[in-house]
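Please keep the sequence and the coordinates at hand while reading.

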Amino acid sequence: MAKFTLEIEEDFDFQLIGIFSHAKDYRLCWALNQEFGFDLTKEENFTVQLNSVVQEHSFFKYFEEENQLEYFLIGNRSDAGMLIPEEKCDYFFLIKGHYRDSERDSLKKKLNQLKPILACSIIEVDELKSKQILIFQGEDK
């Protein structure tokens with residue numbers, strides 16, 4: 001009898017920017033809302049279990065209806081550890097939807113000019129070892 005294997009290829013269809021900041025999550029969120037006209041709002045914490053340790057990370061969300069884009073600000077650090085250990089940034093700014101690389105690059109430049117942000121960098125999602133953690137549905141997370 002023939003043996004069949006089902007391979008599931010996960011969809012990493014999002015842009016990711018790492019943000020370095022000493023600001024509290026709500027202050028950073030406020031600065032992003034003011035600068036870009038977002039309406040990032042606090043959602044339930046992003047909860048993951050890594051190596052039998054439950055971690056809770058701050059989680060903010062904004063849906064831009066006009067362009068069908070979802071924006072997320074996710075804390076990388078928690079009391080129990082880091083969400084993506086190979087990235088040392090404090091926050092992730094994740095954008096789901098059709099968002100060109102040129103738009104991402106322009107956004108990164110503007111982010112670097114915000115007062116609460118020390119630095120930010122574009123993260124190539126395909127190169128992350130822990131990228132599966134960042135796959136969630138907007139409503140389900």
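Cysteine 29 counts as buried because its relative accessibility is 4%, where buried means under 20% relative accessible area, exposed over 50% and partly exposed in between, computed with a 1.4 Å probe on protein chains only. Cysteine 89 is buried too, with a relative accessible area of 1%. A search of the whole structure finds 0 disulfides, a disulfide being a pair of cysteine sulfur atoms within 2.5 Å.

This is a predicted model, in which local features need pLDDT of at least 70 and side-chain atom pairs count only at pLDDT 80 or more, while totals for chains, interfaces and linings use all residues. Residues are numbered from 1 along each chain as its sequence is written, and side-chain values use heavy atoms, with hydrogens and water left out.

The chain has 2 helices and 10 strands, taken as DSSP runs (helices H or I, at least four residues; strands E, at least two) and numbered from the N terminus. Buried residues make up 45% of the 141 residues in the chain. Where contact means heavy atoms within 4.5 Å, 61% of the contacts between residues at least 6 apart in sequence join residues at least 24 apart.

An open sheet is formed by 6 strands in the order S2-S5-S6-S9-S1-S10, with antiparallel pairing; two strands pair if DSSP finds at least two bridges between them. Strands S2 (41–42) and S10 (119–122) stand at the edges with a single partner strand each, so one side of each is left without a neighbour in the sheet. Within the sheet, strand S5 (residues 59–64) runs antiparallel to strand S6 (residues 69–75) and is joined to S6 by 6 bridges; tyrosine 62 has tyrosine 71 in S6 as its bridge partner.

| Helix | Lies across | Angle |
|---|---|---|
| H1 (residues 25–36) | S1 (14–20), S2, S5, S6 and S9 (91–96) | about 150° to S6 |
| H2 (residues 101–112) | S1, S9 and S10 | about 170° to S10 |

In H2, Arg104, Leu107 and Leu111 are buried. Seen down the axis of H2, its buried residues fall within an arc of 60°, so they line one face of the helix; the arc is that of the directions from the helix axis to the C-beta atoms. These buried residues pack against S1, H1, S9 and S10.

How values were computed: Axes are lines fitted to C-alpha atoms, for helices over the stretch in contact, and angles run from 0 to 180 degrees between N-to-C directions.
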